[in-house]
Amino acid sequence: IEEDQRRSNALLNYTGALSDGSWSVSLMAYDNRWNSADQIPLRAVTQHRIDELGSIDTTLGGESSRYSLSGHWTQKGLKVSLYAARYELQLWSNFTYFLDEPVNGDQFEQVDQRWLYGGEISQTWELEGFIRPLNLRTGLQWRYDDIDEVGLYHTRARQHLGVTRADRVKESSSGVFTELEILLSSALRATLGARFDYYDFEVSNRAGTNRQGVNLDANSGEANDSKTSLKASIAYTLTDHWEAYAAIGDGFHSNDARGTTIAVDPADGSQVQTVDPLVASLGYEIGVLGTLAERADLSLAVWALELDSELLFVGDAGATEASEGSKRWGAEATLHIQLSDFWLADLEYAWTDATFTRATGGGREIPGAIEEVAQAGLSFRQPQGWFGSLRARYFGERPLVEDGSVSSDDSLVFNALFGRSFGNWSLELEVLNLLDSDDHDIDYFYPSQLAGEASAVEDIHFHPLEPRTARLTVNLAL
């Protein structure tokens with residue numbers, strides 16, 4: 001498929017001094033249009049209907065833009081930041097082909113048009129005169145999303161056939177926080193933190209009665225929720241080069257605003273249970289970090305995270321599904337070695353065990369949760385001259401269904417970069433997927449129905465890694 005991508009990016013940044021502080025203003029612009037193959041069913045490739053870079057529906061793709069203005073000011077421990085942005089998205093997808101709509105197909109369009117505003121103000125004090133030195137930081141964060149339309153439409157070749165769901169959403173959030181760092185001794189320091197967050201949702205139906213004949217006015221409504229979060233950590237300096245630490249903290253994630261007010265399923269009008277606006281979480285971490293032989297940095301950590309529930313938004317149905325709670329724990333290691341003045345090697349590895357707290361769908365596995373991730377690299381850079389790198393990324397197998405009976409393959413990809421700088425100019429050649437691997441970038445397992453098939457077929461649906469790609473870039477630093 002011809003991707004026919006047309007993307008443009010622009011960034012303007014200005015920084016200046018003001019009294020005893022500094023300020024900056026940034027203007028960013030992004031615009032992109034593309035065609036996309038999306039994930040494809042494995043059987044379509046093995047049956048030679050298409051090749052691995054082919055597409056079942058050749059009219060998929062999207063258009064997206066984002067324009068933002070932000071400003072920052074810092075002075076004597078005071079930090080202030082403000083931003084405003086306009087975001088638009090039109091995304092055409094087709095995951096099941098002719099499963100639900102045998103004549104016109106299952107293509108759908110997702111629409112998102114919003115203004116978003118926000119900012120943060122914080123103050124840090126270094127306090128003396130107590131038993132031990134203290135660093136106190138407190139502040140306020142806020143964000144407001146004014147969503148003109150977040151919608152879902154049934155389409156064919158990007159042409160509207162009917163609306164499944166369309167809403168106007170207003171979502172605001174604000175949080176106040178404080179953090180206290182205490183130096184208990186020359187080797188021991190502790191950090192205590194507290195935060196209070198408040199969320200408010202307002203959802204208004206724009207679709208009236210949808211193409212399935214379901215009146216969606218019942219999905220309009222308002223919801224709000226708040227959450228207090230606490231955290232604590234302690235760090236101990238073992239030697240001049242090594243430090244150990246432990247941390248615990250609770251938090252949350254916010255759910256889709258539409259899930260907090262939903263009453264009827266857009267597909268058939270059946271009753272749907274709303275979800276909590278905020279879902280609590282609790283995390284722990286212990287670790288050690290330091291230097292080896294003055295040229296190597298090493299860090300090791302073991303962590304755990306518990307979520308009360310996870311929310312799944314079903315994009316082609318316009319409905320939300322609340323899943324069971326989950327537990328994750330794992331270990332991470334990073335190593336950076338300065339081989340010489342010009343050469344640097346790095347290695348990062350992470351292992352994770354992720355399960356639902358209770359069996360769902362025949363098991364406790366979380367579909368798509370990767371167990372092993374690793375990346376390694378070798379790079380060099382001269383102060384004025386040649387530079388380059390060779391990097392490898394590895395993703396391990398991951399379950400695709402809850403009972404673990406279907407899994408993805410692992411994947412390994414190499415990327416390389418080589419260039420030279422000339423004063424303010426630099427020229428670089430980047431080669432992605434250096435060895436032209438045909439591993440899969442993503443994998444899902446679900447039923448779909450192709451043209452000519454009598455019924456749905458459960459199958460792996462995948463997107464391959466992009467084939468070997470070369471990119472030449474010229475940079476000028478002003």
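Visitor: Is arginine 86 buried or exposed, and what of aspartate 148?
Guide: In this predicted model, arginine 86 and aspartate 148 fall into one class of accessibility. That class requires a relative accessible area under 20%. For arginine 86 and for aspartate 148 the answer is therefore buried.

Visitor: How far apart in sequence are the parts that arginine 86 and aspartate 148 tie together?
Guide: The side chains of arginine 86 and aspartate 148 meet in a salt bridge, with 2.8 Å from N to O. Because arginine 86 lies in strand S5 (residues 78-93) and aspartate 148 in strand S7 (residues 134-156), the pair ties together parts whose separation in sequence is 62 residues.

Visitor: Which strands hold lysine 231 and glutamate 179?
Guide: Lysine 231 and glutamate 179 form a salt bridge whose closest N and O atoms are 2.8 Å apart. This pair links distant parts of the chain, 52 residues apart, with lysine 231 in strand S10 (residues 221-237) and glutamate 179 in strand S8 (residues 159-183).

Visitor: Why does lysine 231 count as partly exposed?
Guide: Partly exposed covers the range between the limit for buried, under 20%, and the limit for exposed, over 50%. Lysine 231 belongs in that range because its relative accessible area is 43%.

Visitor: Which element holds arginine 43, the partner of aspartate 459?
Guide: Aspartate 459 forms a salt bridge with arginine 43, and the closest N and O atoms are 3.1 Å apart. The two residues are 416 residues apart and link distant parts of the chain, aspartate 459 being in strand S24 (residues 457-464) and arginine 43 in helix H1.

Visitor: What is the relative accessibility of arginine 43?
Guide: Aspartate 459 is buried, with a relative accessible area of 10%. Arginine 43 also counts as buried, and its relative accessibility is 7%.

Visitor: Which residues does aspartate 57 touch, not counting residues up to four places away in sequence?
Guide: Aspartate 57 lies in the loop between helix H1 (42-46) and strand S4 (61-75), and at 13% relative accessibility aspartate 57 counts as buried. Leaving out residues up to four places away in sequence, the residues touched by aspartate 57 are Ser36, Asn94 and Gln107.

Visitor: What is the relative accessible area of glutamate 371, a member of the negative surface patch?
Guide: The negative surface patch is formed by Glu365, Glu371, Glu397, Asp403, Asp409 and Asp410. Glutamate 371 itself lies in the loop between strand S18 (363-365) and strand S19 (372-381). Glutamate 371 is partly exposed, and its relative accessible area is 39%.

Definitions and conventions
Residues are numbered from 1 along each chain as its sequence is written. This is a predicted model: local features need pLDDT of at least 70, side-chain atom pairs count only at pLDDT 80 or more; totals for chains, interfaces and linings use all residues. Side-chain values use heavy atoms; hydrogens and water are left out. Patches are made of residues with over 30% relative accessible area and no salt bridge: like charges are joined within 9 Å, nonpolar side chains (Val, Leu, Ile, Met, Phe, Trp, Tyr) within 5 Å. Accessible areas come from the Shrake-Rupley method with a 1.4 Å probe; for residues, only the protein chains shown count as cover. A salt bridge is a side-chain nitrogen of Lys or Arg within 4 Å of a carboxyl oxygen of Asp or Glu. Lys and Arg count as positive and Asp and Glu as negative; His and the chain ends are not counted. The place of a charge is taken as NZ of Lys, CZ of Arg, CG of Asp or CD of Glu. Helices (H or I, at least four residues) and strands (E, at least two) are DSSP runs, numbered from the N terminus. Buried means under 20% relative accessible area, exposed over 50%, partly exposed in between (1.4 Å probe, protein chains only). Contact means heavy atoms within 4.5 Å.
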